[in-house]
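Morning, everyone. I'll take a few minutes on one model. Have a look at it, and then we'll go through it piece by piece.

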Amino acid sequence: MNKFIVTINRECGSGGGEIARMLGNKLGVKVYGRKMLDSVAHKFDLSVENIERIKAQKVSWWDDFCRFYQQFGAASSSNDTYPEATPQSIYLAEARLLRELVAKESCVIIGRAGFHIFHNEPNAIHLLIIADNDARIARIARKQNLSKEEAEKVINDIDNSRDTFVKNVTGKYRLDAHNYDLVINITGMNPEKVTEYLTDIIQNKLSFRNAQ
């Protein structure tokens, strides 16, 4: 089979990250997600936590326009400064790193606006994993030892930050089903069975595309 990419977006607390990692094992490929930010954070001389906070910031086109010219002027006067970290500059750094990785190997990508970065890639499969709110809250409360109210706030904060980042850098709504080949609600489903199901779909879809 030719090299392929599986991008997985997920609602916080859905269990999509766990399924992505199991899917990588099932397909025999590496899984790239939040840890990939280490190299991006190094580029901007920031912690991963600060990078995530910047990605969640709401910005206007005018903010990005002004930052671009400020950074352009700084770059022309000095070659030793770190680039300014904005949602757009972080996205571009992540996208460049992902494209370099994909050029070498098949992989599973969690988040990182992967569905948009590789939307024209013929051997890419884009998945969105969701779950009912009650199931998501219960999962986060259990994993992080939180009350229902605290878990709900964590979910809202993370989902909002992801939505904001994707909207800022792609102009798209992250949960729009048109961005994906498959949207699946896994509430009440066995993660191992879901992984087997997705593996079959991915292999069949890639085989069909390569045969055309």
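Let me start with a question: is D159 buried or exposed? D159 is buried, at a relative accessible area of 10%. Buried here means under 20% relative accessible area, exposed means over 50%, and partly exposed is in between, with a 1.4 Å probe and protein chains only.

Two notes on sources. This is a predicted model, so local features need pLDDT of at least 70, side-chain atom pairs count only at pLDDT 80 or more, and totals for chains, interfaces and linings use all residues. Residues are numbered from 1 along each chain as its sequence is written, and side-chain values use heavy atoms, with hydrogens and water left out.

Now the sheet. Five strands form an open sheet in the order β2-β3-β1-β4-β5, with parallel pairing. Two strands pair if DSSP finds at least two bridges between them. Helices (H or I, at least four residues) and strands (E, at least two) are DSSP runs, numbered from the N terminus. Which strands stand at the edges? β2 (30-32) and β5 (182-185) do, each with a single partner strand, so one side of each has no neighbour in the sheet. From one strand to the next, the twist averages 20°.

Take one pair. β1 (residues 5-10) and β4 (residues 124-130) run parallel, joined by six bridges. R10 has I129 in β4 as its bridge partner.

Across the sheet comes α1 (residues 16-27). This helix lies across β1, β2, β3 (107-110) and β4, at about 165° to β1. Axes are lines fitted to C-alpha atoms, for helices over the stretch in contact, and angles run from 0 to 180 degrees between N-to-C directions.

Next, charges. Side chains of opposite charge can pair when their charged atoms come close. The rule for a salt bridge is a side-chain nitrogen of Lys or Arg within 4 Å of a carboxyl oxygen of Asp or Glu. How many salt bridges does that give? Eight.

Which residues are linked in a network? E11, R136, D159, D163 and R174, through salt bridges. Look at E11 and R136: their closest N and O atoms are 3.7 Å apart. E11 sits in the loop between β1 and α1, and R136 in helix α7 (residues 133-144), so this pair ties together parts 125 residues apart in sequence. Both E11 and R136 are buried.

R136 also meets D159, at 2.2 Å from N to O. D159 belongs to helix α8 (residues 148-170) and R136 to α7, so here the parts tied together are 23 residues apart in sequence. R136 has a relative accessible area of 4%. Beyond four places in sequence, R136 touches E11, C12, G13, S14, A131, I155 and D159. Contact means heavy atoms within 4.5 Å.

Then R174 and D163. Their salt bridge has closest N and O atoms 2.7 Å apart. R174 is in the loop between α8 and β5, D163 is in α8, and they are 11 residues apart. R174 is buried, at 1% relative accessible area.

Last, a helix crossing. The axes of α5 (residues 87-102) and α8 come within 9 Å and cross at roughly 85°. That makes α5 roughly perpendicular to α8; the class covers 65 to 115 degrees, with under 35 roughly parallel, over 145 roughly antiparallel and the rest oblique. P87, Q88, Y91 and E94 in α5 meet F165, N168 and V169 in α8.

Questions, please.
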